[in-house]
Amino acid sequence: MRTPGILIFGLVLAPCGWILNLTSTVAPNWRQLYNVANQAVDVVINQGIWDICQSSTISTSITCNLRGNDQTYFNNQIIPVAEGLMIASLIVTAIGLAVLTPATRCWTDRRPRWVLAGIGGILIFCSGVLTIIPISWYTYKLTSLNTTTTFSNPQNPDIRVGYCIVLGYIGGIMEVLGGIVVCVGFCRCCGGRNREEPPKPARAPRYSSRAPNPVPYPRSNIPRSATPSSSSVANSRYSVDDELDYPRAKAQRKGTVNPAYNARPYDVDL
């Protein structure tokens, strides 16, 4: 049986969103600090929810495991909340996929389990919400988070958004959309019941045993040749008979005598 499109849509968006959220959770790049005091101009401090790394804009060298150098940053309220919500989002997404995948039955000929698929869609939707909440909160407090890192210009610190925020937004929105689409399976009036029914086979046309009526051909429209040729002269007898609408008596052959006439010839006849 053909898998409904809404289930395919959810099965595609949910894993993609889960991968993006996993990258956003693990990578230490929620915000970037530039123009750090007592450091080179090319030094960049990358702060995440689990670790802090130091990189450079002119080289590929990265130094991580700097969490102990800025414990004030991890004491912000948003950091432990973001850690818990992001991990919860990953777990809920995995559970939702584990429920949704067997409900689709895309590898068999059976009908999808719409109730079970709807439960999986709700779980995926909730996981997307759990991702968007800490990402939005962290973005709102991006420039006001406490840190021990000092800037060359404290009045105008150079703080930028990291790529983890972007990936988190995209992954959360993909999971929310995938969960909403799958949840449509709960609503039978939106076509869920109709999708379960297999398509009806095409009805074979009826063939009647009665032969069709022949279409009369207008004999008056048969064209005649103006100058008969040798072949047309030979068949003129049959063509004239075909043009007539009434039967014509057969011509009597020469040299034949009516067998019913047995009278003797008279002298008058001679």
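Is Leu20 buried, exposed or partly exposed? Leu20 is partly exposed, with a relative accessible area of 21%; on this scale buried means under 20%, exposed means over 50% and partly exposed lies in between, using a 1.4 Å probe and protein chains only. Welcome to this predicted model, in which local features need pLDDT of at least 70, side-chain atom pairs count only at pLDDT 80 or more, and totals for chains, interfaces and linings use all residues. Residues are numbered from 1 along each chain as its sequence is written, and side-chain values use heavy atoms, with hydrogens and water left out.

**The chain as a whole**

- The protein chain has 8 helices and 5 strands; helices (H or I, at least four residues) and strands (E, at least two) are DSSP runs, numbered from the N terminus.
- Along the sequence, these elements follow the pattern α-β-β-β-β-α-α-α-β-α-α-α-α.
- Of the 270 residues in the protein chain, 33% count as buried.
- Among contacts (heavy atoms within 4.5 Å) between residues at least 6 apart in sequence, 70% join residues at least 24 apart.

**Helix 1 beside helix 4**

- Two packed helices are described by the angle between their axes and the distance between the axes.
- The axes of helix 1 (residues 5-26) and helix 4 (residues 114-140) come within 11 Å and cross at roughly 30°; axes are lines fitted to C-alpha atoms, for helices over the stretch in contact, and angles run from 0 to 180 degrees between N-to-C directions.
- Helix 1 is therefore roughly parallel to helix 4, as angles under 35 degrees count as roughly parallel, over 145 as roughly antiparallel, 65 to 115 as roughly perpendicular and the rest as oblique.
- Helix 1 passes helix 4 in a left-handed crossing, meaning that the near helix is turned anticlockwise from the far one by less than a right angle.
- On the helix 1 side, the contact is made by Ile6, Leu7, Ala14, Asn21 and Ser24, and helix 4 brings Trp114, Ala117, Ile124, Thr131 and Ile135.
- The residues of this contact divide into 7 nonpolar, 3 polar and no charged; Ala, Val, Leu, Ile, Met, Phe, Trp, Tyr, Cys and Pro count as nonpolar, Asp, Glu, Lys and Arg as charged, and the others, Gly among them, as polar.

**Helix 1 beside helix 5**

- The axes of helix 1 and helix 5 come within 7 Å and cross at roughly 155°, so the two are roughly antiparallel to each other.
- This crossing of helix 1 and helix 5 is left-handed, and the residues of the contact divide into 15 nonpolar, 9 polar and 1 charged.
- Leu20 is found in helix 1, and its contacts beyond four places in sequence are Leu167, Ile170, Gly171 and Met174.
- Leu20 and Ile170 are 150 residues apart in sequence, yet 7.4 Å apart in space, C-alpha to C-alpha.

**Nonpolar cores**

- The largest nonpolar core has 23 residues, and those with the most contacts inside it are Trp30, Leu33, Ile45, Ile52, Tyr73, Ile79 and Tyr138; a nonpolar core is a set of buried Ala, Val, Leu, Ile, Met, Phe, Trp, Tyr and Cys residues joined through side-chain atoms within 4.5 Å.
- Strand 2 (43-47), helix 2 (71-74), helix 3 (78-104), helix 4 and helix 5 (163-183) each supply at least two residues of this core.
- Helix 3 gives the largest share of this core, 4 residues.
- A second, separate core of 10 residues includes Leu7, Ala14, Ala103 and Trp114.
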